[in-house]
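Here are my notes on the model you asked about. Have the structure open while you read, as the points go element by element.

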Amino acid sequence: MTLNKGNIYDDDQARDYGWLEDERQLRRVVLEHLERGRPIERRVWLHKYQGTNSVHVIDRPFPNANQLLLAPKLLQDSFDPNDYDLPLWCADVLAAAVELEQHGRVHLETHLRIQTSGNASTLAQTTPTESEFPFTLHLHLKLFLKSPSIFQPIRDLTDNTDVAQHRLLLYILRGQLEPPADFHVNLSHFYGCLKPAPLIPVQLQKHIQPDGLKSDLLPFQRRSVLWMLQHEGKTISHEDGKVIPLSEEQKPSPMFWVSFPPLGALSKGKDREKDKWWFNVVTGELLPTRPPDDKVMGGLLAEEPGLGKTVESIALVLYNTPDPSTLPPSSWSDVAELE
């Protein structure tokens, strides 16, 4: 006999597979606990067997374990792995968590609880052929990230363990991340992806007008100039308007990295407020400290025609003029020939 594609079996098929006997044994165990007044809860473990992506609930740590049941998939509404170039199997958050535990990056504590809808006598009166049990099974899971292994560099974006880490952290941080873009690109989508330069304090805005620029910058142009200057590693002092290096707190986030308060209780009180963890939404890498700054500075100024990109660029050049000593020597020839 082979498993049918509809996953629906009659009693004769279930008897052939031994499932009816499994149901009788499960009822017997539940009845014994109820009659003795014991809480129906036990420690269990989760395991993914090689070559499969299904999560099995087992009664003791692998390898000398008995399979109790197949765990249901933990799926997230509206999550599409294709949006993050992830394989389809890791849509199941539970499968990703078990993959990470089997490679030492997280620790799972799992308990199986049985919640009944009646007493022992009610349960005893049910017959094995009924379609539903008068109780439900609940898996309660606690997940702990293991340091330092969870912070190791991501080297291979196709490795199952690295993929699982990416998926799990996307789920944990889902409330702090912007949803992925709709890849049906049109003009409205393009404009929706563009964002204005951040607002700046009034006392700083009045200083953003470089010497030598005859045109007066408009408020939104000053914001754009400061944004570009900051992406070149400098800013303007709100006290005297001089160009100064950016402090660590002022530096823009490296591309594709987002920061958030540390998870769990590793940092508390004031330390928790100032400490940050960093997550790369593209690779899934997690760091306990700020990642290295991008080696290439700059950005994309994408304002509509007529809003002053040219004057803003001139202002940036006047603010961030290169040191003459760093320029290549100039030369001039009255005769130039092309070979």
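1. **Ground rules.** This is a predicted model, in which local features need pLDDT of at least 70 and side-chain atom pairs count only at pLDDT 80 or more, while totals for chains, interfaces and linings use all residues. Residues are numbered from 1 along each chain as its sequence is written, and side-chain values use heavy atoms, with hydrogens and water left out.

2. **Overall make-up.** The protein has 10 helices and 10 strands; these are DSSP runs numbered from the N terminus, with helices (H or I) of at least four residues and strands (E) of at least two. Buried residues make up 31% of the 339 residues. Here buried means under 20% relative accessible area, exposed means over 50%, and partly exposed is in between, using a 1.4 Å probe and protein chains only. Of the contacts (heavy atoms within 4.5 Å) with a separation of 6 or more, 59% are between residues 24 or more positions apart.

3. **Helix H3 is mostly covered.** In H3, 8 of the 9 residues are buried. They are Val-93, Leu-94, Ala-95, Ala-96, Ala-97, Val-98, Glu-99 and Leu-100. What covers them includes E1, E4, strand E5 (135-145) and H5.

4. **How H3 meets H5.** Two packed helices are described by the angle between their axes and the distance between the axes. For H3 (residues 93-101) and H5 (residues 160-172), the axes come within 8 Å and cross at roughly 130 degrees. The axes are lines fitted to C-alpha atoms, for helices over the stretch in contact, and angles run from 0 to 180 degrees between N-to-C directions. H3 and H5 are therefore oblique to each other; angles under 35 degrees count as roughly parallel, over 145 as roughly antiparallel, 65 to 115 as roughly perpendicular and the rest as oblique. H3 passes H5 in a left-handed crossing, a term used if the near helix is turned anticlockwise from the far one by less than a right angle, with right-handed used if clockwise.

5. **Who touches whom there.** From H3, the contact uses Val-93, Ala-96, Ala-97, Glu-99 and Leu-100, and from H5 it uses Asn-160, Thr-161, Ala-164, Gln-165, Arg-167, Leu-168 and Tyr-171. By class, that contact of H3 with H5 has 7 nonpolar, 3 polar and 2 charged residues. Ala, Val, Leu, Ile, Met, Phe, Trp, Tyr, Cys and Pro count as nonpolar, Asp, Glu, Lys and Arg as charged, and the others, Gly among them, as polar.

6. **Asn-160.** Is Asn-160 buried, exposed or partly exposed? At 37% relative accessibility, Asn-160 counts as partly exposed. Not counting residues up to four places away in sequence, Asn-160 touches Trp-89 and Glu-99. Asn-160 and Ala-96 are 64 residues apart along the chain, and their C-alpha atoms are separated by 8.8 Å.

7. **Salt bridges.** Side chains of opposite charge can pair when their charged atoms come close. The count comes to 5 salt bridges, each being a side-chain nitrogen of Lys or Arg within 4 Å of a carboxyl oxygen of Asp or Glu. Glu-99 pairs with Lys-48, the closest N and O atoms being 2.9 Å apart. This pair links distant parts of the chain, with Glu-99 in helix H3 and Lys-48 in the loop between E1 and strand E2 (56-58), 51 residues apart. Glu-99 is buried at 8% relative accessible area, and Lys-48 counts as buried at 5%.

8. **Two further pairs.** Glu-41 forms a salt bridge with Arg-113, with the closest N and O atoms 3.1 Å apart. Glu-41 sits in strand E1 (residues 41-47) and Arg-113 in strand E4 (residues 106-116), 72 residues apart. Glu-41 counts as partly exposed at 39%, and Arg-113 counts as partly exposed at 34%. Arg-15 forms a salt bridge with Asp-12, at 3.0 Å between the closest N and O atoms. Arg-15 and Asp-12 both lie in helix H1 (residues 11-17), 3 residues apart, about one turn of the helix.
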